[in-house]
Amino acid sequence: MPSDATCDPRSVEVETHRSYLVHYALAKLRDRDEAEEVVQEALVAALESLPEFRGDSSLRTWLTSILRFKIADHQRRAVRDR
């Protein structure tokens with residue numbers, strides 16, 4: 001049975017923002033593999049939360065916000081693991 005997120009037509013639109021999000025993450029992390037990994041985490045989180053997205057902001061703004069938190073988490077883990 002498909003999840004609510006896959007039934008939401010906005011789930012397809014979420015994927016259209018991937019290249020922008022990778023570019024954003026790459027500017028912050030300076031490593032393509034890390035950027036791709038963090039974007040994947042952000043997109044999974046976004047798709048899981050998509051049914052609760054009310055549209056108070058644009059979808060891109062919402063996705064970027066999720067990505068910013070994922071980047072911060074990634075950077076904290078990197079510092080902790082050193």
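Trainee: Let's start with a packed pair: at what angle do the axes of H3 and H4 cross, and within what distance do they come?

Mentor: Two packed helices are described by the angle between their axes and the distance between the axes. Here the axes of H3 and H4 cross at roughly 130 degrees and come within 8 Å. That makes H3 oblique to H4 (under 35 degrees is roughly parallel, over 145 roughly antiparallel, 65 to 115 roughly perpendicular, the rest oblique). Axes are lines fitted to C-alpha atoms, for helices over the stretch in contact, with angles from 0 to 180 degrees between N-to-C directions. Before going on, note that this is a predicted model, in which local features need pLDDT of at least 70, side-chain atom pairs count only at pLDDT 80 or more, and totals for chains, interfaces and linings use all residues. Residues are numbered from 1 along each chain as its sequence is written, and side-chain values use heavy atoms, with hydrogens and water left out.

Trainee: Which residues of H3 and H4 make the contact?

Mentor: From H3 come Arg18, Leu21, Val22, Ala25, Leu26 and Leu29, and from H4 come Arg32, Glu34, Ala35, Glu36, Val38, Val39, Gln40 and Leu43. Contact means heavy atoms within 4.5 Å.

Trainee: What is the overall fold made of?

Mentor: The protein has five helices and zero strands, giving the pattern α-α-α-α-α along the sequence. Helices (H or I, at least four residues) and strands (E, at least two) are DSSP runs, numbered from the N terminus. The C-alpha trace spans about 40 × 25 × 20 Å along its principal axes. Among contacts between residues at least 6 apart in sequence, 66% join residues at least 24 apart.

Trainee: What span should H3 have, and how far apart are its end C-alpha atoms?

Mentor: Helix H3 has 12 residues, 18–29, and at 1.5 Å a residue it should span 16 Å; its end C-alpha atoms are 16 Å apart, which agrees. The expected span is 1.5 Å times one less than the number of residues.

Trainee: Which residues of H3 are buried?

Mentor: An α-helix has 3.6 residues a turn, so residues three or four places apart point the same way. In H3, the buried residues are Leu21, Val22, Tyr24, Ala25 and Leu29 (buried is under 20% relative accessible area, exposed over 50%, partly exposed in between, using a 1.4 Å probe and protein chains only). Seen down the axis of H3, the buried residues fall within an arc of 165 degrees, so they line one face of the helix; the arc is that of the directions from the helix axis to the C-beta atoms. On the other side of H3, Ser19 and His23 are exposed.

Trainee: What covers the buried residues of H3?

Mentor: The cover includes helix H4 (32–49) and helix H5 (59–81). H3 and H5 pack at an angle of about 35 degrees, with their axes 10 Å apart. The C-alpha atoms of Tyr24 and Arg68 are separated by 9.1 Å, although the two residues are 44 residues apart along the chain.

Trainee: How do H4 and H5 pack?

Mentor: Their angle is about 130 degrees and their axes are 9 Å apart, which makes H4 oblique to H5. Among the residues in this contact are Val38, Ala42 and Ala45 of H4 and Trp62, Ile66 and Lys70 of H5. Trp62 and Ile66 are also among the buried residues of H5, and that buried set packs against helix H2 (10–15), H3 and H4.
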